[in-house]
Amino acid sequence: MKAKTKEAVLRELILQSTQTICTPDDIIRALNKSGTHAKHTEIVRVLAQLVDEGYLMRARSNRYGKPEAFGCAAGTFCATGRGYAFVRPENGEGPDIFIPPHKDLHAWHGDRVLIRIRQEQPPRRRGKQTKSATKSRQEGEVLRILNETRDEITGRIVMRGKMTVFHDDSGKLPEIVVSKKHLMDAHPGDRVALKVLFRGNEKYLPQGTVMKIFGSGLTVQSSADAILYEHGITVPFPQAVLDETNSLPMFVREEDWKGRLDLRSKMLFTIDGDSAKDFDDAVSLETLPNGHYRLGVHIADVSYYVKPGSPLDQEAYNRGTSVYYADQVVPMLPKALSNGICSLNENELRLAFSCLMRLDKEGNLTDYRFVKSIIRSRVKGVYSEINALLAGTADAEIKAKYADVIDQLPAMKELYGHRARLRKERGCMDIESGEVKLILDEDGHCIDVKKRTSGESESMIEEFMLLANQCAAHFARVKQIPFVYRVHEEPNAEKLERLHALLQACGINDHFAKEVPTPKELSAILEGVRGTPFEQIVNTGMLRCMSKAVYEEKPKGHYGLVLKDYAHFTSPIRRYPDLAIHRIMTDLLRGTDKETMILRYSDFAEKASKQSSEREIIAMQIERKAEDCYKAEYARRHLGECYEGTISGVTQRGLFVELENGVEGFVPASSLTPSGTNLTEGIRLSDPVSGKSWSLGDSMMITIVRADVNLGKVDFEVAPEKK
C-alpha cells in the first residue's frame, strides 16, 4: 500500500477543517491541534490549488470556505438541448440546479463548473401539478468552468447550407464547424469522432477536426463502434499485454497443480448458453447417505495466471469488466486466456478455485471450505438441453451426451427446489429484468427482437453461484480481511417517493409497516401483479426504484437478495472484482496473517471497489445504448406497421409505449390530441376537452413511424381506428 504524500494529507485535512469560512491561520491552528504540522507556505499553496479546482472559494478578506458557505456549488453541467441546462451538485446534496439561457458562460454538457445559486422560484409547467412538482426550484449561473469535458466527441457530419459541421446526435452540444482540411475523407451522413480545436466565443463558431471515421450513420455497427469509442473502450489489447499472454503456458503442466486438491475424477460439468465461448464455472453434486448434499462450485483460477501489477493485471483493472452487446464482446482478458487456458473447456485439465459446500436435507448451508484444485469438466452443458433433461423431454442424443453426469440432475433439481423455497421465505425479490434477445442475420443486422426467457437450469445455476458468492463474503467478513464486497443498500427517500406514486397510479396498496419497505413486502407486490397488465410496469418501476448495487470494501449486506454476506466470486474471466477477491483469498489460504493482509490489501480493495463500480456503470451504459441502436434497426424494417403495446412511461411531452417483444418507442402528446394535455402525478395524461386519458399500464395500438439508428430512438403514433 502506497503511503499518501504530505500534500495529499494536507488536502484532506484542509477540506475537513474548512466547514466554515476561515483564514489560513485558523486552518494551521486546527491542524496543529490534530498533530499535523505544516509551514504557512505549504498551506497557502494547497489552498490555492483547492481554489483553482473549485473545492474551496476565497473571499477578498483572505478567508476560505467550501462553495456552499458562499452560496455556490460545484457540479456537472447537464445540457438539455432546449436552450437551458441543470447542474448536478457533486456533493450529492439537494436537487439539480436550473441554469437559464445566457447564464451558462458557454459551458458544454459534461463540464465541471462552479455556479452561484441566485434565487429560488417555482418551475413554470403546463397542466395539473403535484405537490412535489410545485416545490421551489433553485436557479443559478455559471461562474467558472473548472474542467472541460472530453475534447473528443462522436456524432455525424452534416451540411448547413455550404458549411460542413459536426452534429452531436444528442443535441446537447453546439454544432462545430469542420473545414475541408480537417474533414479527412468523411462525407455528410458519416459518423465520426471529432477533436475540438476551439470552443468558440461571441464572434466565432466552435472549430474541430475529424479524428476517426466509423462509417455511414445509417448502420448499426458504426453506431456501436462510436459508442465504444465515446466511452473510451479500446478493443485491441496493448502489445505488452499480448506479449505477456504469449509467454504463458496454454496447457496445465504437472508443476502447476502441486499442492492442489485433485478433483480430476469428479463428474463435474459446465452449464451455459449455447453461444458461450468462455466458461468460468463448473458444478458437481453428491447426495450423502443421510440425505444431505455436497455441492461443489468450481471457478476458473484466473489469479494463477494474472499476477499482481503485471501488464495483464493492469489492463484487466483498467477495463474492469467485459462488455457485451448484441453478438459481440469486448473481453476483459485476451481470448487466449478467456477462451483458452482460463476457460473450463470440456475434457481439458484446468486449474480451479473450488467452493465445497455442505447442505442439510432442507437445503440449508451448514459448512463450506475453499480450496485450490485441478479439475476436468466432463460435458459442455447447454441450458436448453439441461432444461429438456429436467423436464423429461430430451431425446436420445441429448441423453447420450450427458451420460456421465445425468445422474446428478435429479438431485440438483431437488436441491434447487429447497433453495428456491428458502429464498422465497426470506423475502428475496424476484424482479423480471425485461432483458431482450437480439436476433441478427449473417451480416450482423437485427432482424428480430424477443423477450429473453430463462428455464429451470438457468435459475438453478444462478442459485448455486449465489451460494458460492455468499460463502466468499462470509469467509472474508469472519476473517476480517480487506475485501471487495457486492453491496446493495435499501432505497432512499426520493426513490421510495417515486415507488409510492407508481403503486398509487396502478391502484396497488402502498402502505408498508415501516418507512422503508422490507424486500418481503415488495416481493408480495410483485407476486400480486403477476399475470396482470401492470406486471411489466411494476417490475420495471420497482427495478428503477432500487438503489444501484456497487462494490465496496466494507460489508453492508445485500438488500435485494436479503443477505448479510455477498460478493462476486464466480466470474473472474469477465469481472475484475472476482479476480481481486480470488487473489486476496489465495493469499490468506497460504497462511498469511491478518495484519499483513490488512497492510497488503486495504488500499487495493478500496481502489478495486471504486474502479470496478465505475467500469460496471460504463459497461451498462454501452450495452444499453448499443441495444437501443439494434432495436431501432429492427423497428426501421417495420415502419408503417401497427402493433399493440403497453404504456410504460408518462411525461408532459408524451408517452413511452413498450411492445410485447421489448421494443420501446415514444408517442408525442401532439399526436394524442390537438387540444393539449394535462399531466397528473407523472402517471396519467388527460385531454380536458374530450375527457380522454392515457395512464401507465394501459394498452394502446400504435404505428411505427420513425426509427433513428444513430440515437437508438423509435417514434410511434397512435394507430388509426379500424372502420
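Trainee: In this predicted model, how many cavities of 30 Å³ or more are there?
Mentor: A cavity is a space where a 1.4 Å probe fits but cannot get out. With the cut-off at 30 Å³ or more, the count comes to 1.

Trainee: Which strand gives the largest share of the lining of the largest cavity?
Mentor: This cavity has a volume of about 30 Å³. Its lining includes Tyr485, Arg486 and Val487. By class, the lining has 5 nonpolar, 2 polar and 4 charged residues. The largest share, 3 residues, comes from strand S24 (residues 485–487).

Trainee: What volume does the second largest pocket have?
Mentor: Its lining divides into 13 nonpolar, 9 polar and 5 charged residues. Of the 27 lining residues, the closest to the centre are Asp104, His106, Ala107, Trp108 and Pro174. The space in this pocket is about 530 Å³.

Trainee: Which strands stand at the edges of the open sheet of 5 strands?
Mentor: The order is S13-S20-S19-S16-S15, with mixed pairing. An edge strand has a single partner, so one side is left without a neighbour in the sheet. That holds for S13 (261–262) and S15 (281–287).

Trainee: In what sense do S16 and S19 pair?
Mentor: Ala300 stands opposite Ala352 in S19. S16 spans residues 293–300 and S19 spans residues 349–359. Over 8 bridges, their pairing is antiparallel.

Trainee: Which helix lies across S15, S16, S19 and S20?
Mentor: Helix H15 (residues 576–589) packs on the sheet, touching S16, S19 and S20. Its direction makes about 75 degrees with that of S19. The helix across S15, S16, S19 and S20 runs at about 105 degrees to S20. That helix is H11 (residues 456–479).

Methods:
Residues numbered from 1 in each chain as written. Predicted model: local features only at pLDDT ≥ 70, side-chain atom pairs only at ≥ 80, totals over all residues. Heavy atoms only, no water. Pairing = 2+ DSSP bridges. Helix = DSSP H or I, 4+ residues; strand = E, 2+ residues; numbered from the N terminus. Contact = heavy atoms within 4.5 Å. Axes fitted to C-alpha atoms, helices over the stretch in contact; angles between N-to-C directions. 1 Å grid on protein atoms, 1.4 Å probe; cavity = no way out; pocket = protein on both sides within 12 Å on 5 of 7 lines; lining within 4 Å. Points joined across faces, edges and corners; volume = space filled by probe spheres on them. Nonpolar A, V, L, I, M, F, W, Y, C, P; charged D, E, K, R; others polar.
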